[in-house]
Amino acid sequence: MDPSLIEIIKNAVRSAQRQGLGTQEQRAAAEAVLLALIPSLSPSIANLIVEQLFPFVAEMGAVA
């Protein structure tokens with residue numbers, strides 16, 4: 001089963017946090033992961049997805 005978009009973003013954010021990256025870098029990392037996993041996405045769509053789902057990830061406690 002493929003992971004959901006929110007799970008992909010959550011994992012990317014957690015990984016970025018472990019590396020000591022700030023919020024903007026966490027968002028950029030999530031976008032990069034989406035683009036790597038779904039090559040058919042354009043960067044602007046990846047950005048839109050992260051912008052829409054990042055607050056939910058924060059509510060889940062993944063964002064400091």
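Mentor: Let us begin with a crossing: α1 passes α2 in a right-handed manner. Please bear in mind that this is a predicted model.

Trainee: Which residues bring α1 and α2 together?

Mentor: On the α1 side they are L5, I8, I9, A12, V13, A16 and Q17, and these meet Q26, A29, A30, V33, L34 and L37 of α2.

Trainee: What are the length and the span of α1 itself?

Mentor: Helix α1 runs over residues 5-18, which is 14 residues. From its first C-alpha to its last it reaches 20 Å, close to the 20 Å expected at 1.5 Å a residue. Just after α1, G20 takes a positive phi of about 80°.

Trainee: How does α3 pack against α1?

Mentor: The two helices pack at an angle of about 75°, and their axes are 10 Å apart. α1 and α3 are therefore roughly perpendicular to each other. L5, I6, I9, K10 and V13 of α1 make this contact with I49, V50, L53, F54, F56 and V57 of α3.

Trainee: And what is the arrangement of α2 and α3?

Mentor: Their axes come within 9 Å and cross at roughly 125°. α2 and α3 are therefore oblique to each other, and α2 passes α3 in a right-handed crossing. From α2, the contact draws on T23, Q26, R27, A30, E31, L34 and L35; from α3, on P43, A46, N47, I49, V50, E51 and F54.

Trainee: Let us turn to charge. How many salt bridges does a search of the whole structure find?

Mentor: Side chains of opposite charge can pair when their charged atoms come close. Here the search finds two salt bridges. One of them joins the side chains of E7 and K10, at 3.1 Å from N to O. Both residues lie in helix α1, three residues apart, about one turn of the helix.

Trainee: Are E7 and K10 buried or partly exposed?

Mentor: E7 counts as partly exposed because its relative accessibility is 28%. K10, at 11%, counts as buried, because the cut-off is under 20%.

Trainee: Which residue forms a salt bridge with R27?

Mentor: The partner of R27 is E51, and the closest N and O atoms are 2.8 Å apart. This pair links distant parts of the chain, with R27 in helix α2 and E51 in helix α3, 24 residues apart. R27 counts as buried because its relative accessibility is 17%, whereas E51, at 36%, counts as partly exposed.

Key:
Residues are numbered from 1 along each chain as its sequence is written. This is a predicted model: local features need pLDDT of at least 70, side-chain atom pairs count only at pLDDT 80 or more; totals for chains, interfaces and linings use all residues. Side-chain values use heavy atoms; hydrogens and water are left out. Helices (H or I, at least four residues) and strands (E, at least two) are DSSP runs, numbered from the N terminus. The expected span of a helix is 1.5 Å times one less than its number of residues. A salt bridge is a side-chain nitrogen of Lys or Arg within 4 Å of a carboxyl oxygen of Asp or Glu. Buried means under 20% relative accessible area, exposed over 50%, partly exposed in between (1.4 Å probe, protein chains only). Axes are lines fitted to C-alpha atoms, for helices over the stretch in contact, and angles run from 0 to 180 degrees between N-to-C directions. Angles under 35 degrees count as roughly parallel, over 145 as roughly antiparallel, 65 to 115 as roughly perpendicular and the rest as oblique. A crossing is left-handed if the near helix is turned anticlockwise from the far one by less than a right angle, and right-handed if clockwise. Contact means heavy atoms within 4.5 Å.
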